[in-house]
Each structure stands twice: as structure tokens, then as C-alpha cells.
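This briefing concerns the structure displayed below. Please keep the sequence and the model in view while reading.

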Amino acid sequence: MGREHHARLPRTRARFRGATGAALSALLLLALASAPAGAGTDGARGDEVRGDRAHGNDFQSDGFRGDGFHGDGFRKEAARAVRAHERARERVDRLRESDASPTEVKDAERRRKAVRAGLWDLLWATGRNSGDPVAVDPDGQDSRCPFGDRSRPPERRAHPWTAPTRRYWLSAGYAAKGSRWAHRHTGQDFAVDSGSPVYAVGSGTVRATTCGDGFGNQVVIRHRDGYFTQYAHLSRIDVRKGGRVTAGQRIGLSGATGNVTGPHLHFEVRITPYVGSAVPPLPWLRRKDVQVTGAPVLP
């Protein structure tokens, strides 16, 4: 089954000034220290981060090209931020399970959101400078993505979460090594025939419907728990940016667009909508009581 290169976004001449890794570290430390009320929430600054700060000199660095994650220092710092967020999320979960005080839970959740907000700002700026379509053309209109008729929610769903497709076998897994990726694989591949229905794994809002980069035609959905799911290499897109979807609703058809050697669905779970914030997708699905069958192939 074909696999894609890690999204290699087009080069631009933009070069950041200052130390990128130090900038991210400083940003996260500042976020953790201040943790303003509502940081990373769904208000004007949370889920639709404007990026006004992200375009400032704090995020510019000599020697860092605006072409995605080709700078090892930047990529490692982003990975550290992802791990910090997941540790913070696990702490929130433990506190809730142990019936900790509402104040303690709220403080832990505020710290988690502050880490996410810092990572989000930086990745948004990077995406804008590198030409990531999720950052520069999230509705896919400029690129004339292949939109089909809008899908409808399924009539009934007994469970609030589901697998992203049916009749699949698992091919490349998260963090797999291989010559087809710039670094490591950032999602889970579901090997399916071209034209197979692809479903939203849970209810949420469509954050992006884009095409034209290594991921080909893709849909990004924001879910109620704050995470985002990405569905890439589609042959057709059946939802629109800003639309609401439910678990099991068809969002498109599988295909072989972008950097692939054959049809499949690339499924990714992210902390933000942008490249660089992926987390292991199968454990995330298991936390939703969704079991996928078959072991992923690790080259």
C-alpha cells in the first residue's frame, strides 16, 4: 500500500530571525508562567488564533527556512511542546478521575491550554510562511479543490465515536521510519480502495478543506475535546469549512492525491490544525472506545 512523504510544503524566501528553538522555549515558558484565564479556549483568541503575535519578530530566526520542519532544532522544540501538552492533558485526566477540587482541575487545564496556545501561535506563523494550505487557504476555494455534494449526518449513531473508514487494513503507523517521509510518519494509514467512504470519527466543526500540498485533498475537523483530526489524500471532499459534522458522517472519498504511491487514507490527530502537532492516533481512538483491527506495518 502506498504511503506519502511527510507533508513537504513549498519553499518560500521568508527566513525567520532570532533562535527559533529558543523562541519556542521562551514562548512556552511565558505561557506557563502567565497562563491567562481563557488561554486556548474557543473565544476570540483560542480556536481561531489570529496570529498577530505570531507574525512578530519573536518568531523570526536566521537560518530557519520557511519551508516547514526542515530545521531540526525547530522540529525538536515543537515535538517537546507536543509532549508537554500531552503530559499536561494526562494530569488533567488524572485529577478528574481522582475527584480533585474544581480549582485544581481548572488550574491544570489552564496550564494545558497555555502550552497549546504557544505551540499554536508558532505553527500558525510557520504555516503562513511556508504556504501550508491549512493556514493560507483553509476553505480550499483558491485552489479549486474537488468538492462533491454536501453530505448529510447519519440517521442514527449508537456511539459518539467511530473509525474513519471501513473494510481497511492498517499499513504505515505513527512514527514509522521510511524513505517516503521527510522524518517520521505523522499519522496512521488505512489501506482502502480508491473511492471508499471516509467518515468523521466524532462530532465537530470542519476547520479546513484544502488541496495542493503533500497531503493532497484533505479535511481537518475540530472536536469537542479540543483535538483535531486530519483525513488526507482524498479523491473528493463532501463537507465545507465551518460546517458541523457528526460521528459517522461521510466527509469525502479516499484516493491517491498528494505524495503517494497508491490509494489510502492518511488519518492524523493533532493538538492544533497545523503540521507539527500530531499525537499517536490509535491510543487517542482507544480513549474514545474505538478499536481498530489489525497491526500497523512499521517499515
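The model is predicted. Helix H2 spans residues 72–97 and helix H3 residues 102–130. Strand S6 covers residues 204–210.

**Packing of H2 and H3**
- The two helices, H2 and H3, pack at an angle of about 160°, and their axes lie 9 Å apart.
- Because angles over 145 degrees count as roughly antiparallel, H2 and H3 are roughly antiparallel to each other.
- Their crossing, that of H2 and H3, is left-handed.
- On the H2 side, residues making the contact include Phe-74, Ala-78, Ala-81, Val-82, His-85, Arg-89 and Val-92.
- On the H3 side, the contributors include Val-105, Ala-108, Arg-112, Val-115, Leu-119, Leu-122 and Thr-126.
- By class, this contact of H2 with H3 comprises 14 nonpolar, two polar and seven charged residues.

**Helix H2 and its end**
- H2 has 26 residues and reaches 37 Å from its first C-alpha to its last, close to the 38 Å expected at 1.5 Å a residue.
- Among the buried residues of H2 are Phe-74, Glu-77, Ala-78, His-85, Glu-86, Arg-89 and Leu-95.
- Just after H2, Asp-99 adopts a positive phi of about 55°.

**Thr-210 in strand S6**
- Thr-210 belongs to strand S6.
- With a relative accessible area of 1%, Thr-210 is buried, because buried means under 20%.
- Leaving aside residues up to four places away in sequence, Thr-210 touches Pro-133, Val-134, Asp-137, Pro-138, Gly-140, Cys-145, Gly-216, Asn-217, Gln-218 and Ile-237.

Technical notes. Residues numbered from 1 in each chain as written. Predicted model: local features only at pLDDT ≥ 70, side-chain atom pairs only at ≥ 80, totals over all residues. Heavy atoms only, no water. Axes fitted to C-alpha atoms, helices over the stretch in contact; angles between N-to-C directions. Helix = DSSP H or I, 4+ residues; strand = E, 2+ residues; numbered from the N terminus. Parallel < 35°, antiparallel > 145°, perpendicular 65-115°, else oblique. Left-handed = near helix turned anticlockwise from the far one by under 90°. Contact = heavy atoms within 4.5 Å. Nonpolar A, V, L, I, M, F, W, Y, C, P; charged D, E, K, R; others polar. Expected span 1.5 Å × (residues − 1). Buried < 20%, exposed > 50% of the residue type's maximum accessible area, 1.4 Å probe, protein only.
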